[in-house]
Amino acid sequence: MGVAGPVVGVHGDALIVGGGANFPDGMPWHGGTKRYTDRVHVFVDGAWRAADERLPRETAYGVSVSTDGGVVHVGGRDASTCHRDVYRLRWDRAASRLEVERLPDLPAPVAHAGGALLEGAIYIAGGQETADGSPTRSLYRLGLGREPRTWERLPDMPGPRRGLPVVAAAAGRLHVFSGRDYGPKRGEGEPFEFHDDVLRFDPSQNRWLDPIPIRVDDASRCIMAGAAIASDRSILLLGGADGRALTHSLTLTAERRTEFLENHPGFSRDVLAFDVESGSCRIVATLPEAMRMPVTTTAVRYGNDVVLPSGEISPGRRSVAVLAFRPPIAQDFGLWNWSTLLVYLLLMVWIGVRCSRRIDGTEEFFLAGRRIPWWAAGLSIFGTQLSAITFMGIPQTTYSGDWVRLVGQGMILVVIPIVVFAYLPKFRGLQLATAYEFLERRFGPAARLMAASLFVLLQLGRMGVVLYLPALALAAASGISPTTCILLMGLLSILYTVLGGLEAVIWTDVVQVIVLIGGALLALGLAIEGVGGLDEFLRVGLEHDKFRIVSDDWSMTGTSLPVIVVGFFFLSLIPYTSDQSVIQRYMATRSEAEAARGLWINFAIILPLSLVFFALGTALFAFYAARPELSLPESDNQIVPWFVVQQMPAGLAGLVIAAIFAASMSSLDSSMNSVATVLVCDFYRRARPDADDGAQLRLGRWLTVALGLIGTGTALLLANLDPGSLFDTFNTILGFFGGALAGLFFLAVKCGWATPRGAVLGTLVGAAAVGGLTLAANAENVLVHEFLYGAIGFVVCVVVAGAFARGS
């Protein structure tokens, strides 16, 4: 008749289900008694069989965790006591028998808890220690890979106590969803208090982070006693009870309560996806009405499915059904799509080969002979700034939210005139190879070497990310493995960049921008057509307030209008005035006038194309709202490639995926070439002024290969290992310097009073100020929105330099 609270897990190809509790003598409101069992059933070779062996005792409502070494069962209870037992179950396929290995007992009995495996350790959260007691806030950990194995008590959960929580591990953190506590009116008709939030424990910091509310369609949701399964950066939450039916039943007379329980509608049939990065939660599937989603059972991966065996489908009622839910999976990429993608990638290599014929020295390799047409330089600047993360990130933002950031995109219209009239004459007038040579002429060698070193470190940290993050999304949507994505983008970028130098980078950027724009327009057109036309697209967007461009939040920690305007002004100013990968394009044109015309190209296209990307996200929202039967990806970050592969015709899908590849490769090739230029011109040439041009060219090419391999290798490492907080911290520290570097260039270009020592000191203090804000935000003490970090670094740099100049 099925059981609630069973032991559930997978060992090898065996699905193990044992223990649990049910009411064999009748429902409890008819006088039935709950019975516990120690029997075990195993699903193997396509059939169920009863194991001859039994569990060490009759038990239910413990925590089951599947590991490579077997199914670990922790705690549990019977009719009168909660248990401290911990043991591991293995299925010996050759002998067709169940093996039981005892592990260290818990420090205290625990039942109705939640648990998960995280970084080789089992975590147990909440639950109760006595059969009729209240829940706890406790958190325990058992490391499976360490000897001797011992349980350790970790910091208690903040806030209320939690029984029947839903627990999962993702992105290096433990997530504890929902649960219940005995309310303040226990025994007076309100026995429980139900929770609708999620707690997160960070083992690297050994602390709990602030809770996040669980909200679905703008409504709070309690999912106690449900099940969870983690996948990459999201957690699937299956079913759960919200407690409303239980609370209602306690207000009824005995007769009405019996009638209500006999006709109980069951628990939630929704499958939710919780995005661990954004904290958002949405429905990705709903069980058909004819099926019941069980609670008090454990979800496990079995083959390609997520399996929910047995469990409780309404108060007192168990189910013998075994439900299999197949998460949204990528569609096969297909021959036509592969053909389109490979033709595009081969075109990039051909461009590199063609450009290689002209390279006879460093002037050609690093600056393309200073003969790049203005329009090509302008498109290349645009392509360098628009990474694949942006190509997918802007539509994801408007798919999940609104158009508040559009005002910020318009700040480039203010920045470009400033660059053209104030900065460009300085950069072009001296005919330099790198921007940092200008700093030496203004502030001496210390400023040049400091700025060049920071640029190199920033790009090294960036290269792996611009390959890794798009590869994750592409893999989730297309079925191409992350490793394949990274290798294709990384190795081909190295090949054409080392062959053709900056000229190959710029001309491949031109092709990539055209493909990118074409892919975005194609996806937008198909999405709007799928909604039912432009009028329906506008209607849905207006109905859901998707076109809002001014936030209701006017604080400095949210996306208020002042934050967007000031923050994005400086976020645009920073790369156009201090980033060698952009400034190098200014140097590669025939004259200052042509460089200016290239910048005016950006001025002309940035806002219209921003509208395309913003509209694409809203169109995808309207498309899926009109087709609720279609599956959605587990994370909103994957929405663009998911739509492309799932909904576009073969061949066209390959073209748009090629656009995403294009955006990643454009960012990577620019980083490789610009960093090689800086290392040769700002370091090697300065240390070896007598080195001949041929030696410098050979070094530049070898550095390009080495840098590309570092970027590709970093991305592969991230794809195959959990990057953890050290990687996040590394990139956070590197990010301290963007605003301060822009401040340093402003001092060099416009502030004749600035002194060399004051400029260097201002840069360091500006970076430290942003670092302090970042560390405060990581400690859950957000002082200002991160969009303002660049502005703060810039202003502090200039103010400190000014104070130093006056003091001296």
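Start by selecting helix 15 (residues 592–626) and helix 16 (residues 639–647): their axes come within 11 Å and cross at roughly 55°. That angle makes helix 15 oblique to helix 16. Keep in mind as you go that this is a predicted model. Turn the view to look through the pair, and you will find that the crossing of helix 15 and helix 16 is left-handed.

Now show side chains. On helix 15, the contact uses Leu616, Leu620, Phe623 and Tyr624, and helix 16 answers with Ile639, Val640, Trp642, Phe643 and Gln647. Colour this contact by class and you get eight nonpolar residues, one polar and none charged.

Next, select helix 8 (residues 412–429) together with helix 14 (residues 580–587). Here the axes come within 10 Å and cross at roughly 75°, which makes helix 8 roughly perpendicular to helix 14. Display Val419, Leu424, Phe427 and Arg428 of helix 8, then Ile583, Tyr586 and Met587 of helix 14, to see the residues that make the contact. By class, they divide into six nonpolar, no polar and one charged.

For the last stop, move to the open sheet of three strands, ordered 27-28-31 with antiparallel pairing. Strand 27 (300–302) and strand 31 (322–325) are the edges; each has a single partner strand, so one side of each lacks a neighbour in the sheet. Ignoring direction, neighbouring strands are turned by 40° against each other on average.

Zoom in on strand 28 (residues 305–309), which four bridges join to strand 31, the two running antiparallel.

Note on methods: Residues are numbered from 1 along each chain as its sequence is written. This is a predicted model: local features need pLDDT of at least 70, side-chain atom pairs count only at pLDDT 80 or more; totals for chains, interfaces and linings use all residues. Side-chain values use heavy atoms; hydrogens and water are left out. Axes are lines fitted to C-alpha atoms, for helices over the stretch in contact, and angles run from 0 to 180 degrees between N-to-C directions. Angles under 35 degrees count as roughly parallel, over 145 as roughly antiparallel, 65 to 115 as roughly perpendicular and the rest as oblique. A crossing is left-handed if the near helix is turned anticlockwise from the far one by less than a right angle, and right-handed if clockwise. Contact means heavy atoms within 4.5 Å. Ala, Val, Leu, Ile, Met, Phe, Trp, Tyr, Cys and Pro count as nonpolar, Asp, Glu, Lys and Arg as charged, and the others, Gly among them, as polar. Two strands pair if DSSP finds at least two bridges between them.
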